[in-house]
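Visitor: I have a structure open and would like to learn how to read it. Could you take me through some features, giving the general idea and then the case here?

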Amino acid sequence: MDLSTSYLGLDLKHPLVPSACNPLSRDLDAFRRAEDAGASAVVMYSLFEEEIRMDADKFDFFLDFGSESFAEAVDYFPQLRSHAAPVERYFEVLEEASAALDIPVIGSLNCVSVDGWAEYAPRFEQAGAAALELNIYSLVGDAQRSGPMVERLYTEIVEETRRRVKIPLSVKLHPFFSSLPNIAAALQRKGADGLVLFNRFYQPDLDIETLEVDNRLVLSTSRDMLLPLRWIAILYGRVPVDLALTTGVHSHVDVLKGILAGASVTMMAAELLQHGLGRIEEIRLEMERWLEEHEYESLKQMQGAMSQQHVLDPSAFERAHHMSILRGYSPDPTGVAPIRQPDQGA
Ligand SMILES: Cc1cc2nc3c(=O)[nH]c(=O)nc-3n(C[C@H](O)[C@H](O)[C@H](O)COP(=O)(O)O)c2cc1C
């Protein structure tokens, strides 16, 4: 079965890619384990601008500190090196993994300022990354910042980064835009080759007894993939970018749904953290079996088959569905509609 796919100009043997996530790409061993487990590419965890700045501040601090002492200032150098390490360590691992692995290694950067993106993106290219994921994670809490201001920042980030690197760029977005197709097209025009949908906003809960904020990271379930699934189906064929689906991919059914909607790859974190990297091979085999049973010759044959590419007016289409879903509601005893699995039939 031909499961090959193309993502950001990279030829991948299948669409199963470990998502940016520290435990899955912490060091060269972690990368090797992912490759041995059959991953078709790996996205490295994100380097955050705050970490870079923290390193730089520490660097300045130790330099100043040293300059005010005299002869023994030399003693501070080993300390300085160990404190300045995390960012350098990131690029060291990226460089090692890019050179050692046969599969593409995609870097991931998360900055705050436009200057930060522009300054650090070239280091990913120098370290040998096959592509760079721009993980733009900003939650606007300032009532003075309008939607267009926020969108301008996104497009500037991509434009400035594109100016400085030649490797393919993808943008990891959140879903909260007034017009996702419009910002997607704008990002593509500024140089994005792909979109990764969606970044998960971690939503802290409140404990009403202790009055504490519960910041625990709750891992996704398959139900969480419905939002990116819908948007990928809408964007596929309308904006000329490759689409990666992240959030809620846990089984071969989820992967196949993503491909039917139009994704080129599906990225996984929660499933691999919970059940191990062995899931990559299991899911691949299950996909193969399913495709054979359903007489497909390749995965590409099904890509986008359930997208809204041929729907003339997706807004009207969505509205009609919205209405019919609301009108057609009948109570389910559990209150939760099941996620359809293939063995449950149509
Ligand atoms: C422990 C952990 C660490 C993560 N670190 C990053 C990161 O560094 N950069 C990033 O873009 N996303 C990060 N993510 C988000 C994942 O890449 C992924 O988009 C998200 O978990 C949804 O996918 P899933 O449903 O397969 O978990 C992290 C997720 C987890 C669970």
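Visitor: Leaving aside neighbours within four places in sequence, which residues is T161 in contact with?

Guide: Contact means heavy atoms within 4.5 Å. Leaving aside neighbours within four places in sequence, T161 is in contact with W117, A121, L132, L134 and L169. T161 itself is found in helix α6; helices (H or I, at least four residues) and strands (E, at least two) are DSSP runs, numbered from the N terminus. From T161 to L134 you count 27 residues in sequence, and their C-alpha atoms are 9.1 Å apart in space.

Visitor: Before we go on, what kind of model is this, and how are its residues numbered?

Guide: It is a predicted model, where local features need pLDDT of at least 70 and side-chain atom pairs count only at pLDDT 80 or more, while totals for chains, interfaces and linings use all residues. Residues are numbered from 1 along each chain as its sequence is written, and side-chain values use heavy atoms, leaving out hydrogens and water.

Visitor: Okay! Is T161 buried or exposed?

Guide: Buried means under 20% relative accessible area, exposed over 50%, and partly exposed in between (1.4 Å probe, protein chains only). T161 counts as buried because its relative accessibility is 0%.

Visitor: How do I read a polar contact, say for the side chain of N199?

Guide: Look for a pair of N or O atoms within 3.5 Å; within protein, one must be able to donate a hydrogen and the other to accept it, and residues adjacent in sequence count only if both atoms are side-chain atoms. Here the side chains of N199 and N135 make such a contact at 2.6 Å. N199 is in the loop between β9 and β10, and with a relative accessible area of 10% it is buried. Beyond its neighbours within four places in sequence, N199 has contacts that include I136, K172 and H174.

Visitor: What about S98: which backbone oxygen lies 3.4 Å from a polar atom of its side chain?

Guide: That is the backbone oxygen of G128. S98 lies in helix α4 and counts as buried, because its relative accessibility is 19%. Setting aside neighbours within four places in sequence, S98 touches V105, A127, G128 and A129.

Visitor: Now salt bridges. How many does a search of the whole structure find?

Guide: The idea first: side chains of opposite charge can pair when their charged atoms come close. A salt bridge is a side-chain nitrogen of Lys or Arg within 4 Å of a carboxyl oxygen of Asp or Glu. The search finds twelve. Take E88 and R123, whose closest N and O atoms are 2.9 Å apart. E88 sits in helix α4 (residues 85–100) and R123 in helix α5 (residues 114–126), so this pair ties together parts 35 residues apart in sequence. Both ends are partly exposed: E88 has a relative accessible area of 40%, and R123 has 26%.
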